[in-house]
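User: I am new to this structure and would like a close look at one part of it. Please take me through the place where the chains meet.

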Amino acid sequence: MQTIEIIVGITLLVFAFLAIESKKIINSIIYLSILSMLSVVSFVFMKAPDVAITEAVIGSGLVTAVFIFTLFSIKKAGDKE
Amino acid sequence: MKRLIAILLVAVLGLFIYSNLYTEGNGKLFPKFGEVNLSERVSEKYVKKSVNGNESEVVFNETNNAESGSANMVTSIVVNYRSFDTLGEVTVLFVSALGVGLLLRGNSRMKFKTKPNFILRAGVRIIAGIILITGIYIFIHGHLTPGGGFPGGSMIASAVLLFYISDDEFKTKVKAFKFLEGTAGSLYLIFGLLGLTMGGYFLYNFLPTGIVGNLFSAGIVPIVYIFVGLKVGSELSNLISDFLSEEGK
């Protein structure tokens, strides 16, 4: 179990780095979504199911959607000018 | 070179966090899971539900009239002992939704470039009902199982989000959602004021708490969680519909 936790932790770090460093914003958003999905696994390992449910719904679902919609609106506003 | 430094920095930070999280007991910041001496911690009071000094053992499905009847300790702290904090959180969410509504509110609905296909539409119709029921289950059973008002409400909002993605013509009945949000929020406050008149404290748990583990236990905790769930669900749905609207031409 300990090794799985460490692997999940290292993958979390890798995706956090990719989210910062990627050139396209949409890729960044997808990496953030993967990051929060992996942190759900991490929370379950730490025996915090309450936090895990909230992170699964808000972190990887709604926040990703809100980011993508914002990106769409920015692009549309840029096209008009 | 810049990237190398960034990777090194991230690795050192991660090593620092994980070395603190996974050290063996004795004296370190985070003791190993399950090996902490509970009697030295504040949480023992909340586990035994005895902040006022009633030091009896709490047994699932047997104990009657515990101080806070909820079986889930997190809910017990969040909605019973620290309910005023939850009221503040709900207010923060309300203010942010209000800000989004004021800034982004448009008349017509934003259209996506590609039309949603048949499989997406049919799949969403099947799955949205299940998501809605799961959300309602989670906020009704918030005092028994992990979860509660916020996750349940946001699950409802995610079902609405799926409808928005799958159907180009879908538009929520904004007026009904606004009404639901306002009513749920004011009922939460009314329950707080009822506690003030009956028990002497704002948001006092004045209903009988019943047997630990039953659906109708924990006094006003499940009622408050239902209101919080409805409020958060309608608020986040409104927020999504505000994000997806654009100015009319």
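Analyst: This is a predicted model. Between chain A and chain B, three residue pairs are in polar contact, with both residues of a pair at pLDDT 80 or more. On the chain A side, helices H1 and H3 (49–80) each supply at least two of the residues that touch chain B. H3 of chain A gives the most to this side, with 14 residues. Sorted by class, the side of chain A that touches chain B has 13 nonpolar, six polar and six charged residues.

The contact as a whole takes 25 residues from chain A and 29 residues from chain B. Together the two chains bury about 2400 Å² between them, and 73% of that area is on carbon and sulfur atoms.

Charged side chains also meet across the contact. The count between chain A and chain B is one salt bridge, while the structure holds two salt bridges over all chains. The bridge between the chains joins the side chains of A:Glu21 and B:Arg3, at 2.8 Å from N to O. This pair crosses from helix H1 of chain A, where A:Glu21 lies, to helix H1 (residues 2–21) of chain B, where B:Arg3 lies.

H1 of chain A covers residues 2–21, and A:Ile10 lies in it. A:Ile10 also belongs to a nonpolar surface patch of about 310 Å², made by this residue with A:Ile6, A:Val14 and A:Leu18.

Note on methods. Residues are numbered from 1 along each chain as its sequence is written. Chains are lettered from A and ligands numbered from 1 in the order in which they are written. This is a predicted model: local features need pLDDT of at least 70, side-chain atom pairs count only at pLDDT 80 or more; totals for chains, interfaces and linings use all residues. Side-chain values use heavy atoms; hydrogens and water are left out. Patches are made of residues with over 30% relative accessible area and no salt bridge: like charges are joined within 9 Å, nonpolar side chains (Val, Leu, Ile, Met, Phe, Trp, Tyr) within 5 Å. Accessible areas come from the Shrake-Rupley method with a 1.4 Å probe; for residues, only the protein chains shown count as cover. A salt bridge is a side-chain nitrogen of Lys or Arg within 4 Å of a carboxyl oxygen of Asp or Glu. Helices (H or I, at least four residues) and strands (E, at least two) are DSSP runs, numbered from the N terminus. Contact means heavy atoms within 4.5 Å. Buried area is the accessible area (1.4 Å probe) that two parts lose on being put together, summed over both. A polar contact is a pair of N or O atoms within 3.5 Å; within protein, one must be able to donate a hydrogen and the other to accept it, and residues adjacent in sequence count only if both atoms are side-chain atoms. Ala, Val, Leu, Ile, Met, Phe, Trp, Tyr, Cys and Pro count as nonpolar, Asp, Glu, Lys and Arg as charged, and the others, Gly among them, as polar.
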